[in-house]
Amino acid sequence: MKQKSAETLFFPNLNGVRFIAAFFVIIHHIEQFKEKFGFARHFFHLRFVRMIGPLGVFLFFVLSGFLITYLLLEEKHQTKRIAIKSFYVRRILRIWPLYYFVVLLGFFVFPHISWMSVPNETEWLSEDFGQKLLLFLLILPNLVVGVYPDIPFISQSWSIGVEEQFYYFWPWVVAKIDYIALRMKIWWIFLGIFIFFFLLRALGVTLIPKTGGWLYLHAFLHSLRLTCMILGAAAAYLCYYFLDSKLVRTIFSKPVQLFLWVLLLVCLSWEVYLPAINQEFYSVIFALLLMNLAVNNQSIVSLQWPVLEYLGKISYGLYMFHSIGIVIAIKICIYFVRREDIWLTDLVMYGVSIPFTLLVSALSYWLLEKPFLKLKHRFALIKSGKL
């Protein structure tokens, strides 16, 4: 069960979820980077490995929708309003320092270190350099990734842009929804918002041409994952307002929990992919599992291990820095390991990139992120996490 007081709100297990999502992305990208440098990818033929990267990002989006919405609902309940300005300040202090640090490294430091070059990517950075830089500075990396070749070490930040775009409008939505007046209509509102963003992405990608200035709009709509965050937000509404309802009690029952975990494992094992609705399908599963992990004190799965708690705290750094560790590991393989030694190259790639990423992320958390997190809590009417 969530731990709540007048000052703090803490959900168990969710730090573990953050780490799992980040770890899925890291494994996926290690296999992707092998191809970029011409190494054999004997794991990537498994759709499971190809799937876990996108699924890790979907999980991040669902988790963001859930947490942000629940905190906004609690703030609205306790203070009778939502302090929009303070919300934006908190998001800036949490997201911007590390984001801009990595972006500046990607544009102005690593391109001048020949040892860190990435084939077919580093050499293209100078093309439309100013336009790319401006879009990253405006936190629109999803437009750059959709239009241009990947930019080494910072293209993974496309998802940060999508999350920020969700934050621009969602607190206003929550602030304007009067639960008492809309008690019987709330799910119609969520359904309408969900269908709107689903059709916006589906029809936009289908109908908008990938030429000229339209290419940016096409890239923007193609990157939209707002349906994932809306599903997470709907899960937060269920937990906040309908905790004692028959529906939530059913979701919290052990047979349903077991079914959801088995369903997820079977879908991953059988490499289930549903065209057009794949992200929504998995996001529904993630949302229901998050409800149990965060709020249900009878959850059949516990991720409250000290090591997972810590790794979840530094998960933002894991996500933003891991490509640097992967390239360093691959360069070591290029210079010191024969490509024919497939298992040895894998051992070096995984054995170097993951510890390096953990170390850099820990340093980032303590030296760069934590000072801003302390400032962030000054603007939090409802504090979250173990402070």
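Buried, in this talk, means under 20% relative accessible area. Keep that in mind for helix 9. One caution before we start: this is a predicted model.

So, helix 9. It runs over residues 226-241. How many of its 16 residues are buried? The count is 15, and helix 9 is mostly covered. Now its length. At 1.5 Å a residue, the 16 residues of helix 9 should span 22 Å.

Next, a helix pair. Two packed helices are described by the angle between their axes and the distance between the axes. Helix 7 covers residues 186-207, and helix 8 covers residues 214-223. They pack at an angle of about 145°. Their axes are 8 Å apart. The crossing is left-handed. Which residues make the contact? From helix 7, we have Leu200, Arg201, Gly204 and Val205. From helix 8, the partners are His218, Leu221 and His222. By class, this contact has three nonpolar residues, three polar and one charged.

Last stop, arginine 47. You will find arginine 47 in helix 2, which spans residues 47-79. Is arginine 47 buried, exposed or partly exposed? Its relative accessible area is 31%, so arginine 47 counts as partly exposed. Leaving aside residues up to four places away in sequence, arginine 47 touches Glu271 and Tyr273. Now look at valine 272. In sequence, arginine 47 and valine 272 are 225 residues apart. In space, C-alpha to C-alpha, they are 8.7 Å apart.

That's my tour. Over to you.

Key:
Residues numbered from 1 in each chain as written. Predicted model: local features only at pLDDT ≥ 70, side-chain atom pairs only at ≥ 80, totals over all residues. Heavy atoms only, no water. Helix = DSSP H or I, 4+ residues; strand = E, 2+ residues; numbered from the N terminus. Buried < 20%, exposed > 50% of the residue type's maximum accessible area, 1.4 Å probe, protein only. Contact = heavy atoms within 4.5 Å. Axes fitted to C-alpha atoms, helices over the stretch in contact; angles between N-to-C directions. Left-handed = near helix turned anticlockwise from the far one by under 90°. Nonpolar A, V, L, I, M, F, W, Y, C, P; charged D, E, K, R; others polar. Expected span 1.5 Å × (residues − 1).
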